[in-house]
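Dear colleague,

I am handing over the structure we spoke about, and I would be glad if you could look through it alongside the notes below.

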Amino acid sequence: MHFWTTVIVLCAVWPCALSVTRYSIAEEMERGSVVANLAADLGLEPGGLAQREVKLDIFHNKKYLDVNKKTGELYIVEKMDREYLCPTKTTSCFLKLDVVIESPLRIFNIELGITDINDNAPHFRRDRVELDVSESATPGERFSLPNAVDPDVGINTIKTYKLSVSEHFTIEIQTGSDGTQYVDLVLTKSLDREESAVHNLILTAVDGGVPVRSGTASIIVRVQDTNDNPPRFDKQTYTINMTENSPIGTLVMKLNATDLDEGLNSEIVYSFTLYTSEKTQDVFALNPTTGEITVKGTIDYEDMKFYEMHIEARDKGTHPLLGQSKVVVQVTDMNDNYPEITVQSVKNTVDENIPAGSVVALVDISDRDTGENGKVSLSINQNLPFMLNKSSDRPMHYKLIVSEPLDRESVPEYDIRLIVTDAGTPPLSDNETITVHLLDVNDNAPQFPQSFYTIRVMENNAPGALLSSLTAFDPDLHENQYLVYFILEKEIANTSMSMLFSINPENGNLYALKTFDYEIEKEFLFHIEARDSGSPPLSSNVTVHIIIVDQNDNAPVIVSPWRAHGSVVEEKIPRSTDKGSLVSKVIALDTDSVHNSRITYQFLQVTDATLFSLDQYNGEIRTMRMFSYRDPRHQRLIVVAKDNGQPALSATVTIKLSTVETAVKAYSDMTEVPLEYDIFSDLNLYLVIGLGSVSFLLLITILVTIVLKCQKPKPSKAAPPCRNSVISERNSTIADSTLVSNDAYWYSLFLAETRKGKLVVRQPVPKGSRYIVSSIPRGTGLTDTSDSAASTLQVRVQCSILNS
């Protein structure tokens, strides 16, 4: 539905005419809805708009209306929200826009009235309201509540408020001068916090639109306490039975008054009233906080048969309230004389090895009562190695004796509690404690925490270095636990352990007396004894395993190619050598452990890096290409052999290679043979000196044995005359070998014999002699770098030369 009214205002200049047309539509109309026939309302022909340009204003960056040029109808392009287009809450909402039609130019003013629909529900700015109301509040008292808002206008805005059902509250609605409704919460009935401490209400705002819309808010009313409830006891009178002579501090009863209030209004203080006698207050005590009544004096049946206590409970409110009650204590007569224990004699200290059956104490018991109340008995209620022996002629006399063997290390002293009890109803009892201290006896040998100790010592240690602390434990006392440590004598290679190690006799600290060398000594095994100072002394021993840990303290020694110390190795190779040919091989030995003795090889200096390659693991030097006429005749190679230690040690060898046009002469003219090589270093010198005297007799024996064997008839077959020797004669055919240097034959023979588990050494012999190679199996023990091994090796080599 829409309506329109047209007002025509003539322009001062023709043909422009200004007219105002008003329309009214409901908000949120669908897109495409027709507002009016604009052409008919403006007096225009609908068909004439197709050839004329029509423009309409844009609001809020949106085009809400447009004109159908065929029919002349004004229709909705975008939904219109009245609350968005007219944010101020007014009853009327108009959109003013100009319609411009060209050819000829005409301008029309349109006012579009947007009527409200109920598209918004009321809502509260605070959906949760908490109120604190005293339970002493009077009916009719008011509390302001937040009002709801509704962006709609007219009949669609808030119409009324409703409150959920409550017997204590209601609401009253007031209207302000601007038409806004305000809500007050009104108390209609007195509150009682003890009945209900919290009231949960729902406030609902309802509008007048169709359909009706609403919004809610939660109202939480917390009732604040007032002191309106006095303390109350469970009973007005309490009756308690108490026996006479009850111990001081005995609980008679605990009063329990309750107060329904909270906070200080519910905290209660107990006290005696003026009606309670002073004598009663001297016998009983009342805790003002907990209400506990305890005995603080002597209750004697013969003195007073019953006691009356008048007690009041008062709260801590501003205006305190109180409640009262009475407690009657009936006294019961009983066996009120306790039996007694008298210790006639006692041994407070005994040896821990005291025999079973020995008397420790003599005890008498008694009771002043008569009859059943005067019959008494003595007992030990603990599980102890002691027992009571009752005398047959004196019933009240007992002996305390040892029943089991004693051990001071397990229990150093005993507190023996003797309990005497009479036969009264109820029975009375008393107790006496006898303390027995045990004196120590040397009955425990020292004990080490471990039966076997493994101690790792880095070689090259400083003499006097602390290796470990071997401490034993003796549970005995005094001199029986004072320990002295010894190294049990043991000789290794005529050397006493006391020359290698020292132990502090007082604390068991183990020290090294010398510097150890892993290459000479790898481990030691000996025993250490710990002995106490008792009488007789007891002892125990422990096995100590010393493992010498290797350091990288030996540099590699280059054994091939052989050269005098500091000299250059000269080799000759033909210029026609093929690519990949073996030129030389560097072999280095390292006496350190496996990890530190892993050797790698690399060029330190090379004349032509493109001509030779070096295998970093086996030290083989091979040609990478054939020689050309541009390559110099002399090549200088410096090879470094580096071990795997930290830090790494190394050795170098300089090889001078000379190329020749023809093959070198036969090996029969060469002056060096693989015979002997001194693999000793300066580090072994001190061992040679130390063991020289011991090795002398062994060397003489080996020398005589070898000479006798060498005098045996030589077999017809070319076999070695000496045991464990291999003799190899060279012939002229070796000259055709690919390796034509002085060391070529030595290298190949060295490798072959080494793979068989033998050690090959060499030494120059006079020119013209046949080449003799001596190989020694590694299992003979002659590969050690010692004077004995070297001497034996020299004898075997000389024997081989004589037989050849």
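Predicted model: local features only at pLDDT ≥ 70, side-chain atom pairs only at ≥ 80, totals over all residues.

The protein contains 7 helices and 52 strands, and 41% of its 804 residues are buried. Of the contacts between residues at least 6 apart in sequence, 66% join residues that are at least 24 apart. The exposed surface comes to about 43500 Å², and carbon and sulfur atoms supply 52% of that area.

Strand β43, made up of residues 569–574, runs parallel to β50 and is joined to it by 6 bridges, with I573 having T659 of β50 as its bridge partner. Strand β49, covering residues 634–642, runs antiparallel to β50 and is joined to it by 9 bridges; here A641 is partnered with A651 of β50.

Turning to charged side chains, a search of the whole structure finds 19 salt bridges. One of them links K279 and D303, whose closest N and O atoms are 3.3 Å apart. Since K279 lies in helix α3 (residues 278–283) while D303 sits in the loop between β22 (292–295) and β23 (306–315), this pair ties together parts that are 24 residues apart in sequence. K279 counts as partly exposed, at 37% relative accessibility, and D303 also counts as partly exposed, at 47%.

Two further pairs may be worth a look when you go through the side chains. E529 and R531 meet in a salt bridge with an N to O distance of 2.6 Å; E529 counts as buried, at 12% relative accessibility, whereas R531, at 35%, counts as partly exposed. In the other pair, R622 forms a salt bridge with E620, and the closest N and O atoms are 3.0 Å apart.

Finally, R128, E130, D132 and R222 are linked to one another in a network of salt bridges.

Terms used: Residues numbered from 1 in each chain as written. Heavy atoms only, no water. Helix = DSSP H or I, 4+ residues; strand = E, 2+ residues; numbered from the N terminus. Buried < 20%, exposed > 50% of the residue type's maximum accessible area, 1.4 Å probe, protein only. Contact = heavy atoms within 4.5 Å. Areas by Shrake-Rupley, 256 points an atom, 1.4 Å probe, with all protein chains shown as cover. Pairing = 2+ DSSP bridges. Salt bridge = Lys/Arg side-chain N within 4 Å of Asp/Glu carboxyl O.
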